[in-house]
Amino acid sequence: MTFNDLRSKKIGVLLGGKSMERSTSLRSGADVHRALLDLGFADAIKIDLDDDPIEQIVNSGIEFAFLSLHGTDYEDGKLQGALEMLAIPYTGCGVLASAVGFDKVSAKIVARGLGVSTPDWFLLKDPGSLEKLEFEGPYIIKPCAQGSSLGVQKIETVMELPEKIKPLFEEFGPVLVEKFIPGRDLTVAVVGNPGDLQVLPILEVIAPAGFYDREGKFGDETKYSAPAKIDESVRLRAEEFAKAVYTALHCKAVSRLDFRLDGDRLYFLEINTIPGMNGSTSNMSCILRAANIPYNDFVKKIILDSIS
Amino acid sequence: MSVIGVLVGNEGKEAELSRKTAAYILAQCQGMDGHEFIIITAANLIAKKIRPDAVVNIHYGLLGDGGSAPGLLDLMRIPHTGSDGLASSICRNKVLTKYFGRAAGIDFPDHVIVDPMVSNCSRDQIISKIGLPAILKPIDSASSIDVFLARDTQELGSALESMRSYSSIIAEPFLKGREITVGVLEKDGETLALPVIGLNIKNQPYQNFQAKYGEGEMEFVIPAELDDATSSKAQAIAVKLHKAVNCIGYSRTDMVVSPEGEMNVLEINAFPGIGPYSEFPKAAALLGIIYPELISCLMKSGKKMYDI
């Protein structure tokens with residue numbers, strides 16, 4: 001299928017859904033939909049997923065799906081698997097990259113396997129197992145499988161952990177306790193497919209809290225700098241690490257990887273296999289501006305790389 | 001009474017195999033615990049011709065990354081047996097399996113990842129890092145059809161030539177030793193290793209898990225002729241790997257035991273065969289777990305299966 005063939009087909013922007021990242025998704029999806037109309041996809045429709053996404057997708061008659069969704073069910077390989085079974089091609093990563101990428105511990109295991117540094121961690125499968133924690137604070141705690149910095153908190157001492165973990169555990173399930181790394185937040189977008197990978201300008205996120213929590217991510221006081229003012233050697237290493245993880249997970253079309261930089265030491269934090277794509281304030285939109293890539297061109301490239 | 005759908009593959013050889021298994025499950029388990037077992041396809045599920053209360057998933061998933069059928073079932077909120085998309089897709093990727101296994105303290109042979117399109121460069125890399133004889137296999141193929149043994153540089157060249165259609169392949173040292181495979185079954189909340197299955201090769205030293213090569217005959221021996229210490233070691237590794245890659249319900253791990261008694265894991269299968277001629281049920285039977293009980297274990301360990 002070529003890009004031109006696709007333009008005459010019914011294409012669905014899948015968005016919204018029941019996840020906790022619904023609002024982020026709606027904004028991304030609206031901008032993607034607008035771009036598709038600009039690109040000549042006259043029959044592009046938006047599909048806000050409800051409790052029965054399979055029926056919605058089947059009934060819509062779409063022949064291609066642009067995934068502008070985040071969170072559980074949509075970014076974790078389940079929707080990707082379902083679309084494979086429905087034989088409907090879709091944008092971006094497949095089941096493997098989505099499932100491993102969404103599970104933060106799995107992504108860290110892969111990074112470490114590749115020789116990419118990642119902060120020490122401890123996965124709490126039940127809240128009572130904290131005595132096995134072997135490293136000292138401060139800590140970052142976060143749900144093992146959620147995006148958009150949901151629930152992320154910095155905890156100074158081991159004493160405070162149980163009371164902070166409890167509500168997180170009750171809301172989201174298994175909690176990842178990670179060693180807090182002081183320093184700077186970098187995010188690296190990789191685009192393309194194996195053999196033709198491109199790393200876009202690195203973005204530094206400067207959050208008032210000193211680390212990137214949910215308020216930092218969506219608040220007004222966060223500043224962005226792209227390309228990030230970092231040493232050439234750090235930049236090259238960040239690019240190398242990002243490409244290594246992207247390749248090992250068999251990512252497709254686009255992913256965004258978050259790193260922490262402490263001095264000249266770089267730590268992989270997580271990978272977002274469906275990065276937020278709203279055209280004005282998302283990390284991705286900052287990166288695209290720094291790269292001089294028009295938004296619509298980027299949407300087109302995602303489609304091209306997804307069908308190749 | 002609950003309706004249990006036995007989900008079979010849609011087409012090809014996979015469908016044929018899974019249909020035989022499905023017929024066997026129906027013959028052995030019909031009426032078990034008051035359940036009605038029926039054979040279903042993904043197409044029937046999607047078209048809502050049938051809505052089973054739960055699914056025994058024997059759709060082995062040659063599609064996508066191997067986690068497609070579990071993804072569909074999870075998204076449709078249908079409880080099912082066996083691994084989810086995360087574990088299924090990790091198990092299908094030979095390199096990621098190593099990373100997860102090594103993180104849990106399991107030894108794996110070294111490997112190099114090569115691109116067969118640049119065969120000269122790949123050949124030199126394999127010879128210098130792995131040496132010959134070497135085994136070449138696609139990183140993420142479920143079938144063992146395209147596994148090659150290269151005993152000398154000429155065989156290595158022709159193997160790389162034959163594998164040009166793969167974007168990435170993995171080369172490992174060819175390990176001499178006894179081939180075994182160990183089933184793992186979750187039963188009553190415990191993760192049990194089944195008796196070790198030995199693989200004897202007649203007439204052809206190279207037809208085995210490492211390299212299905214030539215026309216020799218394979219013969220399975222249950223339990224394998226190993227001393228107790230070696231068997232226990234193999235069983236412990238299989239259980240550890242099952243947990244490390246987050247398998248659900250059952251799995252089967254292929255290994256080579258060197259003449260010195262060292263174990264090297266080759267791969268783990270998240271959906272081992274459970275058909276009338278499969279080895280897994282025979283190994284379970286040695287522990288007194290008869291076939292309907294085996295299926296019952298899978299149903300009880302499946303995600304959210306406890307509700308039915």
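The legends below describe close-up views of a predicted model.

**View 1. An edge-to-face aromatic pair in chain A, formed by Phe3(A) and Phe41(A).** Over all chains the count comes to 7 aromatic pairs, and in the one shown here the ring centres of Phe3(A) and Phe41(A) lie 5.4 Å apart, with 90 degrees between the planes. The pair links distant parts of the chain, since Phe3(A) belongs to helix 1 (residues 3–7) of chain A and Phe41(A) to the loop between helix 2 (22–38) and strand 2 (44–48) of chain A, 38 residues apart. Phe3(A) is buried at a relative accessible area of 7%, and Phe41(A) is likewise buried, at 0%.

**View 2. An edge-to-face aromatic pair in chain B, formed by Tyr250(B) and Phe280(B).** The ring centres of Tyr250(B) and Phe280(B) are 5.8 Å apart and the planes stand at 85 degrees, which is over the 60 degrees required, so the pair counts as edge-to-face. Tyr250(B) lies in strand 12 (residues 250–257) of chain B and Phe280(B) in helix 9 (residues 279–286) of chain B, so that this pair, too, links distant parts of the chain, 30 residues apart. Both Tyr250(B) and Phe280(B) are buried.

View 3. When its neighbours within four places in sequence are left aside, the residues in contact with Thr253(B) are Ile180(B), Thr181(B), Val182(B), Ala238(B), Leu241(B), Val265(B), Glu267(B) and Ile268(B).

**View 4. An open sheet of 3 strands in chain B, with the order 2-1-3 and parallel pairing.** Strand 2 (36–41) and strand 3 (54–57) of chain B stand at the edges, and because each has a single partner strand, one side of each is left without a neighbour in the sheet. Neighbouring strands are turned against each other by 35 degrees on average, direction ignored. Strand 1 (residues 3–8) of chain B pairs with strand 3 of chain B in the parallel sense over 4 bridges, and Val55(B) in strand 3 is the bridge partner of Gly5(B). Helix 1 (residues 12–29) of chain B packs on the sheet, where it touches strand 1, strand 2 and strand 3 of chain B, and its direction makes about 170 degrees with that of strand 2. Helix 3 (residues 68–75) of chain B lies across strand 1 and strand 3 of chain B, running at about 175 degrees to strand 3.

View 5. The structure holds 27 salt bridges over all chains. Lys98(B) and Glu172(B) form one of them, with the closest N and O atoms 2.7 Å apart; the pair joins helix 5 (residues 94–103) to strand 7 (residues 169–173) of chain B across 74 residues. In chain A, Arg112(A) and Asp120(A) meet in a salt bridge of 3.1 Å, N to O, where Arg112(A) is partly exposed at 41% and Asp120(A) partly exposed at 37%.

Key. Residues numbered from 1 in each chain as written. Chains lettered and ligands numbered in written order. Predicted model: local features only at pLDDT ≥ 70, side-chain atom pairs only at ≥ 80, totals over all residues. Heavy atoms only, no water. Phe/Tyr/Trp six-rings, centres within 6.5 Å; stacked < 30°, edge-to-face > 60°. Helix = DSSP H or I, 4+ residues; strand = E, 2+ residues; numbered from the N terminus. Buried < 20%, exposed > 50% of the residue type's maximum accessible area, 1.4 Å probe, protein only. Pairing = 2+ DSSP bridges. Axes fitted to C-alpha atoms, helices over the stretch in contact; angles between N-to-C directions. Contact = heavy atoms within 4.5 Å. Salt bridge = Lys/Arg side-chain N within 4 Å of Asp/Glu carboxyl O.
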